[in-house]
Amino acid sequence: MMPVVTRKLLYLTFVLWSISLGTFALFSLAPGDAAQIILNNQNETPARNQILALREELGLDAPWNVQYFSWLKKILKGDFGQSWQTGRPVVDEIFARFPATLELAGTAFAMVLVLSVLSGTLSAVFRNRFVDRLIQAATVVLTAMPTFWVGLLLIYLLSLQCRLFPIAGRGTLAHLVLPSATLALGLAFFQGNVLRAILLRIMSMDHIRFAFAKGLGKKKILVRHILPAALPPMVTMWGICMGQLLGGAVIVESVFAWPGIGRLTVEAVMGRDLPTAQALVLLISFLFVMVNTLADFAQLRLDPQMGTPQ
Amino acid sequence: MKILMHLPGPGKAAGWLIFLVLVMTAVAAPLLAPRTPLETDLDHRLEPPSLFFPLGTDQLGRCVLSRIIYGARISMSGALTASLLSLALGGIIGVLAALARGVPKFFLTAVIDVGLAVPGLILALVIAGLLGGTMASLILGLVAANWPWWARLIRGLTLSAWQREYVLAGQAAGIKKTRLVTHYILPQMKAPVMAAAALKTGRVILAFSGLSYLGLGPAPPAPEWGRMLQEAGIYMTRAPWLIMAPGMAITLAVAALNLIGKGSKRS
């Protein structure tokens, strides 16, 4: 029997390889001839022999497995090809945009953490009382609001009416407030609701009831016994949350003209810039898988029961 | 008291009520809408709400109320179709992954894990974008993004049901696997799947309108709620009231499904 960590790492490698195969297949099956799109982007009316020559050069006539392995070899070396829109290497395009998304998603994640722990704990402690009902009602509405609408409302209220924050773009700290709040709001209450359920489950467990029976203070029980027990399942939720933040960034970055990889994905897809879109799908999926694997390992450390093979 | 247990809670009942009203609105759109959603009136552009145009007019002088009412047809049917198709596909793969053995089991599990590894909205964006901006390609993208989630859920439900005593009794009695699945396992999944379906359909509506906002999905002049918001955003300084109605319509639909899902989970 292999140790859990080795097994997980082997499987992770397999999943990452499968993602590369899936991404390759997806973009190979996309309608439209690559050579034709490239030449059209160069503002030419391409002649037939030009297209055939470029097809030859790109190796588009080779069998798919040959194409796949030469593509895989390139991306393992960090060569994702050139953007069909700008002609620059895709890697450069992505790394120019990446810090903006990291900044946005990181800030939003911090907001989600604070808000969800606050709302979830309040909800669980005051279960079925007024505060809980209020948070529950807010959760139903706030998780139902589309992020782009939240963004538009915030822009209208706080930028156009109150002139507190800039409308769009990236730069100062003030630019960061509205996009990250927009991205965080719904997710925070969703996560808070999950935390509430987890806390309620823990509160009904024997060791907590024993702590109460022993006469420990409520605050002490909450901070020492209940919240730490909620950490392992929440770590998994935070991993999933990262994926939702990356997905949400696609829309929020478009609303606020935020120059990150979410908006780059939209631009690449809309402009049929296949190499850029392909690299982004691959990169974002890798990132998401890595974060979730880290969350898994963190959970292994936090909860010794998880490591025992069934 | 026992009868009361079976009645839906106030939240769930309200959810169903709002949802049914929205479905009826979609069905009876031609009867309810004061005008057609595409009729332009260039003399009445970007007008505030009035008696003639209860929700105002957009940049082409089209009646916003009529567009919202007809929009229910697009957003609701699109999201419902995508949601049901991903449930069906994910359900089949999930049951197969739970009951298969050896290489097929490994293969199916890996396919689900790979599907879960790609953030859904990004996969839907890429597929819908590559296939061109139509309703069908957007639905296909949403199905591709959502089936792995269903497959994982239903695989888990199948695995736990497989251990139950009545299923073991069925196995011992020599009942075929297919019959065990259709008559023993699937029926008792109804409650959790219903709750999850309501919540998930709400998420799909958000994704559907979000991707339409980005310019995918049904092409203009179709009155899609997300696309209406995108257009309203452009004219926000001149006609800020235009951003209210489509956003509220989406929120109402998703909140109704949230309430149904939450209520079903509790019971």
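Mentor: A residue is buried if 20 or more other C-beta atoms lie within 10 Å of its own, exposed if 12 or fewer, and partly exposed in between, with C-beta atoms placed from the backbone. Helices are DSSP runs of H or I with at least four residues and strands are runs of E with at least two, numbered from the N terminus. This is a predicted model, in which local features need pLDDT of at least 70 and side-chain atom pairs count only at pLDDT 80 or more, while totals for chains, interfaces and linings use all residues. Residues are numbered from 1 along each chain as its sequence is written, and chains are lettered from A and ligands numbered from 1 in the order in which they are written.

Trainee: What makes helix 6 of chain B largely enclosed by the rest of the structure?
Mentor: Of the 11 residues of helix 6 of chain B, 10 are buried, and therefore this helix is largely enclosed by the rest of the structure. The buried residues are B:G120, B:L121, B:I122, B:L123, B:A124, B:L125, B:V126, B:I127, B:A128 and B:G129.

Trainee: What covers the buried residues of helix 6 of chain B?
Mentor: The cover includes helix 10, helix 11 (261-270) and helix 12 (274-302) of chain A, together with helix 7 (135-162) and helix 10 of chain B. Just after helix 6 of chain B, B:G132 takes a positive phi of about 95°.

Trainee: Which residues touch the most other members of the largest nonpolar core?
Mentor: A nonpolar core is a set of buried Ala, Val, Leu, Ile, Met, Phe, Trp, Tyr and Cys residues joined through C-beta atoms within 7 Å. The largest one has 128 residues, and B:A124, B:L125 and B:L142 touch the most other members. Helix 4 (residues 64-99) of chain B gives the most to this core, with 14 residues. Leaving aside residues up to four places away in sequence, B:L125 touches A:V250, A:T265, A:V266, A:V269 and B:L211, where two residues are in contact if their C-beta atoms, placed from the backbone, lie within 7 Å. A second, separate core of 7 residues includes A:A124, A:L195, A:I198 and A:I226.

Trainee: How many residues does each chain bring to the contact between chain A and chain B?
Mentor: Chain B gives 34 residues and chain A gives 36 residues. On the side of chain B that touches chain A, the elements giving two or more residues are helix 5 (102-117), helix 6 (120-130), helix 10 (190-213), helix 11 (225-234) and helix 12 (244-266) of chain B. That side divides into 22 nonpolar, 11 polar and 1 charged residues, on the rule that Ala, Val, Leu, Ile, Met, Phe, Trp, Tyr, Cys and Pro count as nonpolar, Asp, Glu, Lys and Arg as charged, and the others, Gly among them, as polar.

Trainee: Turning to chain A, why is helix 5 called oblique to helix 10?
Mentor: Helix 5 (residues 90-125) and helix 10 (residues 218-255) of chain A pack at an angle of about 140°, with their axes 10 Å apart. That angle makes helix 5 of chain A oblique to helix 10 of chain A, given that angles under 35 degrees count as roughly parallel, over 145 as roughly antiparallel, 65 to 115 as roughly perpendicular and the rest as oblique. The axes are lines fitted to C-alpha atoms, for helices over the stretch in contact, and angles run from 0 to 180 degrees between N-to-C directions. By class, the contact of helix 5 with helix 10 of chain A has 11 nonpolar, 1 polar and no charged residues.

Trainee: Why does A:N128 count as exposed?
Mentor: A:N128 has 9 C-beta neighbours inside 10 Å, and therefore counts as exposed. A:N128 lies in the loop between helix 5 and helix 6 (130-142) of chain A, and its phi is near 65°, a positive value in a residue other than glycine.

Trainee: And what makes A:A257 count as exposed?
Mentor: A:A257 has 12 C-beta neighbours inside 10 Å, so it counts as exposed. A:A257 is placed in the loop between helix 10 and helix 11 of chain A, and has a positive phi of about 50° although it is not a glycine.
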